[in-house]
Amino acid sequence: MAMRQTPLTCSGHTRPVVDLAFSGITSYGYFLISACKDGKPMLRQGDTGDWIGTFLGHKGAVWGATLNKDATKAATAAADFTAKVWDAVTGDELLSLAHKHIVKSVDFTQDSNHLLTGGQDKLLRIYDLNKPEADPEQIGGHTSAIKKALWYNDYRQIISASDDKTVRLWDRASMTEVKTLNFPLSVSSMEYVPEGESLLITYGRTIALYNSSSFELIKSFEATSSINSASLHPEKDCIVAGGDDFKLYKYDYTTGEELESYKGHFGPIHCVRFSPDGELYASGSEDGTLRLWQTAVGKTYGLWKCVLPDELVSENSDAIFNISSEIKA
């Protein structure tokens, strides 16, 4: 019998959690930011879920959130027609970038000097954070709202997913469209893993993995329910996904076989992401919570202390878990 998965629950938000992102691994560990419709994005220690702080300043739902690699800066995209840049150490608001409509997506360049945004006004904008008063560069072409926009291919390109049922690749220098992928339904999520040369896209019940350079479809899986988000393990061992049936699914990367499914939320899952070390994945839900899940169930990691009753655990017994504390923000 499989061991029981014991997720860590991160409370504190009062509305649905719609986006989350991890930083890279820093000398202080790694960090997790969450975007919520309560307008109060939160920063946490990534491996334990411990609350560090809340970024206060938005006057509407926050739809997108990200951290730079070393977790010194955060950026958020909101329904108050702004994207904001924050000092992730002090929590101070550094910049508020005015848009013409709801902002859905934010992404830093590696050097944190530029911010890419996208949203309801169908435009991609590139802000020079060292000259925030300058007009952003703009790229148009999508015919519906932009859900996600990411820097691509060493920042020479941009990739964007839209409600117009396309994912488009843009050249940064010429600001022109290079390639378009068309889908039968609106794309619900997109994750780019440069190290693994992978682009993971979800639409309807489909989880599709593309080669990020050739844009060839590598493989696709059909889930049992509509999927809102998926994430690829850093070592490409597996893919996790969550959606409308409140469950988290884990699929074998090679075969597409469903390895595990866990019901841990009390509402649809909006976002799921692997940690940078691949040891856990985080999910955010309509139920207002974030949950952290172990990739290898039963491993001692973070707050998970695995206690084996004897040297060996018999085949049919569950391992006993002591979660050192239920996390309360």
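Reply: Here are questions and answers about the terms, each tied to this model. It is a predicted model, where local features need pLDDT of at least 70, side-chain atom pairs count only at pLDDT 80 or more, and totals for chains, interfaces and linings use all residues. Residues are numbered from 1 along each chain as its sequence is written, and side-chain values use heavy atoms, with hydrogens and water left out.

Me: What makes a stretch a strand, and how many helices and strands does the protein chain have?

Reply: Both are DSSP runs numbered from the N terminus: a helix is H or I with at least four residues, a strand is E with at least two. By that rule the protein chain has 0 helices and 30 strands. One of the strands is β22, residues 227-232, where serine 229 lies.

Me: Why is serine 229 called buried?

Reply: Buried means under 20% relative accessible area, exposed means over 50%, and partly exposed is in between, using a 1.4 Å probe and protein chains only. Serine 229 has 3% relative accessibility, so it counts as buried. Across the protein chain, buried residues make up 55% of the 329 residues.

Me: How do you know that the side chain of serine 229 makes a polar contact with valine 272?

Reply: A polar contact is a pair of N or O atoms within 3.5 Å; within protein, one must be able to donate a hydrogen and the other to accept it, and residues adjacent in sequence count only if both atoms are side-chain atoms.

Me: Is histidine 142 buried or exposed, and why?

Reply: At 6% relative accessibility, histidine 142 is under the limit and therefore counts as buried. Its place is in the loop between β13 (137-139) and β14. Its side chain has a polar contact of 3.4 Å with the side chain of threonine 166 and one of 3.2 Å with that of arginine 168. Both residues are also among those that histidine 142 touches, as is Trp170.

Me: Why does alanine 61 count as buried?

Reply: Alanine 61 has a relative accessible area of 16%, which is under the limit, so it is buried. It is found in the loop between β5 (51-54) and β6. Beyond its neighbours within four places in sequence, its contacts include Cys36, Lys37 and Ala77.

Me: And what makes leucine 20 buried?

Reply: The value for leucine 20 is 2% relative accessibility, so the word buried applies. Leucine 20 lies in strand β2, and the residues it touches include Leu32, Cys271 and Leu290.

Me: What is noted about the phi of alanine 71?

Reply: Phi of alanine 71 is near 60°, a positive value in a residue other than glycine. Alanine 71 sits in the loop between β6 and β7 (73-78), and with 9% relative accessibility it counts as buried. Phenylalanine 215 is not a glycine either, and has a positive phi of about 65°.

Me: What makes a space a pocket, and how much space lies in the largest pocket?

Reply: On a 1 Å grid over the protein atoms alone, a pocket is an open set of points with protein on both sides within 12 Å along at least five of seven lines, while a cavity is a set where a 1.4 Å probe fits but cannot get out. A volume is the space filled by probe spheres set on the points, which are joined across faces, edges and corners. About 1100 Å³ lies in the largest pocket. Lining residues have an atom within 4 Å of a point; there are 39 here, with Phe22, Lys69, Tyr192, Pro194 and Glu195 nearest the centre.

Me: Why is the protein chain said to agree with a compact globule?

Reply: The radius of gyration is taken over C-alpha atoms, and the globule rule is 2.2 Å times the number of residues to the power 0.38. For 329 residues a compact globule would have a value near 20 Å; the protein chain has 19 Å, so the two agree.

Terms used. Contact = heavy atoms within 4.5 Å.
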